[in-house]
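Please look over the structure shown here before reading on. The briefing that follows takes up a few topics in turn.

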Amino acid sequence: PVDRSAEVQEARLKLPVLAEEQVIMEAVRENPFVVICGETGSGKTTQVPQFLYEAGYATGSRIIGITEPRRVAAVSMSHRVAKEMNLPTQVVSYQIRYEGNVTGDTKIKFMTDGVLLKEIQKDFLLQRYSVIIIDEAHERSVYTDILIGLLSRIVPLRNKKGMPMKLLIMSATLRVEDFTENQKLFRTPPPVIKVDARQFPVTVHFNKRTPLEDYTGEAFHKTCKIHRMLPPGGILVFLTGQAEVHSLCRRLRKAFPFRKGSTAAAEEEEADTAEAMRKFKKAKQKKNVSLPRIDLDNYSALPVDEGDEDREAGIGDEEDGGSDLELGDNPADLEDKADPSIPLYVLPLYSLLAPEQQAKVFRPPPPGTRLCVIATNVAETSLTIPGIKYVVDCGRVKKRFYDRVTGVSSFKVTWTSQASANQRAGRAGRTEAGHCYRLYSSAVFGDFSQFSEAEITRRPVEDLVLQMKDLNIDKVVNFPFPTTPSTEALIAAEELLVSLGALEEPSRSGRMKDLQRAKLSCPISALGRAMASFPVAPRYAKMLALGKQQDCLPYIIAVVSAMTVREIFEDLDRPARSDDESSKLNQRRARLAQMRRLWAGQGASLLLGDLMVMLGAVGACEFAGCTPKFCEENGLRYKAVVEIRKLRGQLTNAVNAVCPDVGVFVDPKMTPPTEHQVVCLRQIVLAGLGDHLARRIQAEDMLDPKWKNAYKTPLMDDPVFIHPNSALFKTLPEFVVYQEIMETSKMYMRGVSAVQPE
Ligand code: ADP
Ligand code: MG
C-alpha cells in the first residue's frame, strides 16, 4: 500500500491517465507489449510506474525500470515519484551516465536509455526487471529505438523461460505505427491505449508575417504584449538555444524588473505582495483604457524597410476571428522602457542548465509576479511546467546535422515539424484554456514536415553497431529497428570499426555482392569486446585500449573524458550585451587565452595541441579542487568539469575491470606527461582519429587567397581551418588530426593535434 499525502492525492485525481488505470493494467496483464499514448502532462511518466508498483510488479527482488532519453527527466521524475509515493530515494531511484542513487532496496528505477543498453550488455535477459517502460518513445532517440528492437526479442525469451516480463512503450503523440505496424518488430501488433487528455482548448494565433531573422526580438515583443495586456497565467517561450534563451531572459528582466534597478537579486526578493498585485492590476487597467486597440497578432516586428511587406499576405493566413484577445496596444518604443510596476518572474530552461536552476520552474513564482519560462525544446514534451497559459513559439529548432560523406557536423536552426509545433501549443492548455502565439504564418506552418525524423537516420552509427556486435548481433542490417539506418551508414560504421580493429576484416573472396554482405556482418574481435565495455564512442574506446603503454593511461583517461564531454571551455566569444559586460568579457577572454597558453605547455607537449590544453585544464582544475570559483576565473564550464571528473572515475573503473593488472587510479595531483609520454599520447590519439587526418594546403593547391593557412581533408573539396582559439593556430603543423569538423562561420576543426610524418 502506498501512503500518499492528501495534497498529492488531490493532484493525482486531476490527471487523465488515472481514469485509465484499470484499462492499462488489464492490457499489461494480458499482453507482453503495450503502447500508451497520451498528451504531455497527462500523467504517464509519474503515474504508470505507480500503477505497476501497486499491482505488485516490484515485489520480491523484481524491479520496475523506466527509461528516459534525457538526463533531466530521469532525475526530476524519480524525485517527483518518490515524493508522490512518500518513499525514500533509495526505493524510487535514478541512474544516469555519471551518477545515481540506486540501492539494493530500489523498486522503481528511472534511467537514461543509454544506461539500460549497457545493462543489457551485462545481462541480456534483464533478469532483475519485471517490466520496462520506454518513455518518450515519440522522440525517437537512437537508444530508444535500439532498446525497443532488443526488447522485442528479450521479452518473448523471458516469457519462454518462465520469467515473465512486460514492455510498455509510452508516447506523447499518436504516431506509433513505426512500432505497432512493423511486423519485424512485433508480429502481433501490440494494443494501443489512448489516454484522453483533459486538455483545455488552445487558440492558435499565427503571425501574418514571418520574421526570417530576428525571431528572438519578435518573441520579446510578443511576450511584452502578453504580459502587459493579457490576464494572469504563465508564459512559456520556445527558442532554439542557450544563447538565445539568455539574451531574451536579460531583455525581459530589464523590461519588467522586480524593483527598479535590481534584476540580479530579483528572484530572491520577497516583494510586498499586496502592493505588487495592486500595482499590477492598476497598470493593466490603465493601459486597457487609455491605449488604442489593435490586434495582438497583426503587427509587424520587422522594420518596414526590412523584408517584403506583402510577402505572405493572402496565402491562406488564418484570422482567429473568434478570439477574445483583441487587445489594446501600446507604442512599440514603450516596450523597451523598464516597467517595475508589473514584475515578471523570468526563468531560463535548457538541458545544460544546472539542476537546481532547472527545478525552479516547478515552483510557484513569487507572489504578485507572472511566471515566464524561456526554454529550448526540453519543455516540449519531457517536462511539464505548471500554470502555463500562453505559449510563444518561434517555430524553429536547433539540430545537429551530420554529413555522412564528409563527416562535417553543424548545428543548424531549422523549422520544426508540425507535430512538434502542436506539442508546443499544447503546453498552454494544461490548467485552463490557453493561447499559443506562433511567430510565423500559417502558410509557413503548412510547409513544415509533418513529423521529425528518427534520430537514427541522421547520425553516424558506429557506436550502436559495436554495441550490437558485442551482444552477438552480427548481422546488424537484420536487426528489428523501428526505423532502419541506411545501408551506407551501416557500411561506413563497419568499415570504421574494422579500421579500429574492433571487428575482424571481412573475407575478400567472392563477388561484389558477397563482399557487401560480408562487410555488413564482420564479427567482433577481442579488442572490440574490450572497447565495447567502455562507455565512450569507439574511437575513444580504442584510445583507452591502447593507453597501457608508457604509463599513459591516466592521461588518456583524462583526455578522453574531456573530449567526450560537451564544451569544457566557456563560450566567451559571444557578443556582449552591454558595455559593462563587454569589458568584463574582454578580461575573461584574455585570461582564458593566457591559461590556454599555459595549459598547452612547451616544447614537445605543444604538438599535442588542443588535447594538451584539455589535459592541462583538467589537471589544473582537479589540483585546485574543482571549485566553481576556479572555473569561473579561468573560463571553464563548471558543469562540464564536474562531468569530466565523474567520467574519469567511471573510465578508470572500466579500464581496471578489463585489465586488472594495470591498477590505474585517479590522481588529483597528476604531473604533466613527460616528453616520452607526449610522443606516446600522440600516437594513441592518431590511432583513434586516424581517418580524421588533414594536411596543410600546399602552395600548388592554393586556388584562392582565402585558403592561406587552410587544410585539406581527403573527403572534402572545400578547405577546413584551425580555429583562432586553438593551441595550434600559430604553429600550423603540416599534418594534423582532429576530433570533428564543425561548420560555424567557417569549417573549423575541433580538438586538433599535430602529426609528424615518420
Ligand atoms: P506525462 O508524462 O504524461 O507528460 P507527467 O507524469 O510528467 O505527465 O506529469 C503529470 C503532472 O505532474 C503534470 O501536471 C506536472 O506538472 C506534474 N509534475 C511533474 N513533475 C513535477 C514536479 N517535479 N513538481 C511538481 N509537479 C510535477
Ligand atoms: Mg512524460
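Angles between directions are classed as roughly parallel under 35 degrees, roughly antiparallel over 145, roughly perpendicular from 65 to 115, and oblique for the rest. The model is predicted, and local features need pLDDT of at least 70, while side-chain atom pairs count only at pLDDT 80 or more and totals for chains, interfaces and linings use all residues. Residues are numbered from 1 along each chain as its sequence is written, and chains are lettered from A and ligands numbered from 1 in the order in which they are written.

**A pair of helices**
- Helix α19 (residues 538–546) packs with helix α20 (residues 553–564) at an angle of about 170 degrees, their axes being 9 Å apart, where axes are lines fitted to C-alpha atoms, for helices over the stretch in contact, and angles run from 0 to 180 degrees between N-to-C directions.
- α19 and α20 are therefore roughly antiparallel to each other.
- Tyr540, Met543 and Leu544 of α19 meet Ile556, Ile557, Val560, Met563 and Thr564 of α20, a contact counting when C-beta atoms, placed from the backbone, lie within 7 Å.

**The chain as a whole**
- The chain has 25 helices and 24 strands, which are DSSP runs numbered from the N terminus, with at least four residues of H or I for a helix and at least two of E for a strand.
- Of the 758 residues of the chain, 44% count as buried, that is, with 20 or more other C-beta atoms within 10 Å of their own, C-beta atoms being placed from the backbone.

**The open sheet**
- An open sheet is formed by 7 strands in the order β3-β4-β2-β5-β6-β1-β7, with parallel pairing; two strands pair if DSSP finds at least two bridges between them.
- Because β3 (92–95) and β7 (192–195) stand at the edges, each with a single partner strand, one side of each is left without a neighbour in the sheet.
- From one strand to the next, the twist averages 20 degrees.
- Strand β1 (residues 33–38) is joined to β7 by 4 bridges, and Val35 stands opposite Val192 in β7.
- Helix α5 (residues 113–122) packs on the sheet and touches β2 (63–68), β3 and β4 (108–112), its direction making about 105 degrees with that of β4.

**A hairpin and its partner strand**
- β22 and β23 form a hairpin with 3 residues between them, and 4 bridges join β22 to β23 (residues 747–750) in an antiparallel manner.
- Strand β16 (residues 408–415) runs parallel to strand β22 (residues 740–743), with 2 bridges joining them.
- Met742 stands opposite Tyr748 in β23, and Ser409 stands opposite Met742 in β22.

Note on methods:
Contact = placed C-beta atoms within 7 Å. Buried ≥ 20, exposed ≤ 12 C-beta atoms within 10 Å, placed from the backbone.
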